[in-house]
Amino acid sequence: MIFQDPYGSLSNNMTVAEIIAEPLKLHKICSSIEEEEELVIRTLEDVGLRPASDFVDRLPHELSGGQRQRVAVGAALVLGPDLLLADEPVSMLDVSMRGQILKLLLELREKKGITIVIITHNLAVAKQISSRIAIAYLGEIVETGETRQIIDDPRHPYTKALLSVVPVPEIDAKRERILLTGETPNPINVPPGCRFHTRCPFAKEKCSVEEPSLITLPDGRKVACHDVGVDSG
Ligand code: SF4
């Protein structure tokens, strides 16, 4: 697990080496201190903290935000996981650092064959880093598919609204913005029928009583909306 805030997720009383080694100790991975030290050094190099000897004895407050997040990635990576779960891994970082951490995650995915699940509210980040996207509203997936399907041709009204407000870096780009009205309902008191009906610009009477199922469209994506059927093309 990689947490959102590297200023809160790392203990300020532990050195970088102690933070990386802690999961190894907890899971009793290494049979000697030499093996543990070697794994810590290799992991620091893997996450771009080089030379590793310059970082092992530092405390988190002596590092930049980007370096801290690299330590957090290292602490998740050191056990050799098949799956990393990253909760908004760049949202607390300076814009200049975000690209570097995303690049690091992409490199780790390629080099080590790790599957990475990223939780983000930033669709530009999702577009840049992911091969598949699942859009959730009030805790349920409303649309899921390959990244190019979701980004180029969103089908669920909530996905359309989210994408309509993502800035396009082109001077002449024109995009119709869909601004949702009303508050997001309380997730412990989800509206009946379609959970999005209180804010959906396309809601019909049926939407407030009947919950749409997540159906598979001919292109393989899944959508939960009464307005998007298998014949919608
Ligand atoms: S089911 Fe109805 S309210 Fe829900 S997203 Fe589709 S059109 Fe909108």
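A residue is near a molecule or strand if its C-beta atom, placed from the backbone, lies within 6 Å of it. The structure is a predicted model, in which local features need pLDDT of at least 70 and side-chain atom pairs count only at pLDDT 80 or more, while totals for chains, interfaces and linings use all residues. Residues are numbered from 1 along each chain as its sequence is written.

**Exercise 1. The ligand shell**

Task: List the residues that surround the ligand, and divide the shell by class.

Solution. 
Step 1. The residues found are Pro 157, Cys 194, Phe 196, His 197, Cys 200, Phe 202, Ala 203, Cys 207, Pro 212, Cys 225, His 226 and Asp 227.
Step 2. Count: nine residues of the shell are nonpolar, two are polar and one is charged.

**Exercise 2. Elements and extent**

Task: State how many helices and strands the chain has, their order, and the span of the C-alpha trace.

Solution. 
Step 1. Take helices (H or I, at least four residues) and strands (E, at least two) as DSSP runs numbered from the N terminus. The chain then has eight helices and six strands.
Step 2. Read from the N terminus: α-α-α-α-β-α-β-α-β-β-α-α-β-β.
Step 3. Along the principal axes, the C-alpha trace spans about 65 × 45 × 35 Å.
Step 4. Call a residue buried if 20 or more other C-beta atoms, placed from the backbone, lie within 10 Å of its own, exposed if 12 or fewer do, and partly exposed in between. Of the 233 residues, 27% count as buried.

**Exercise 3. Two domains**

Solution. 
Step 1. The bounds, which come from an automatic or database domain assignment, are 6–129 for domain 1 and 132–223 for domain 2.
Step 2. The C-alpha centres of the two domains are 33 Å apart.
Step 3. Count a contact where the C-beta atoms of two residues, placed from the backbone, lie within 7 Å. Four residues of domain 1 then touch six of domain 2. On the domain 1 side these are three nonpolar, no polar and one charged.

**Exercise 4. The parallel strands**

Task: Describe how strand 1 and strand 2 are joined, and what unit they make with helix 5.

Solution. 
Step 1. Two strands pair if DSSP finds at least two bridges between them. Strand 1 and strand 2 (residues 115–119) are parallel and share five bridges; Leu 83 stands opposite Thr 115.
Step 2. Side chains in a regular strand alternate between the two faces of the sheet. In strand 1 (residues 83–87), Leu 84 and Ala 86 are on the covered face, and Leu 83, Leu 85 and Asp 87 on the uncovered one.
Step 3. With helix 5 (residues 95–112) between them, the two strands make a right-handed β-α-β unit. A crossover is right-handed if, with the strands pointing away from the viewer, the path from the first strand over the helix to the second runs clockwise.
Step 4. In the loop between strand 1 and helix 5, Glu 88 has a positive phi of about 45°, although it is not a glycine. Glu 88 is partly exposed because it has 17 C-beta neighbours inside 10 Å.

**Exercise 5. Helix 8**

Task: Which residues of helix 8 are buried, and what covers them?

Solution. 
Step 1. In helix 8 (residues 157–164), the buried residues are Pro 157, Tyr 158, Thr 159 and Leu 162.
Step 2. Their cover includes helix 6 (123–129), strand 3, strand 4 and helix 7 (147–152).
Step 3. Pro 157 is also one of the residues around the ligand.

Note on methods
Nonpolar A, V, L, I, M, F, W, Y, C, P; charged D, E, K, R; others polar.
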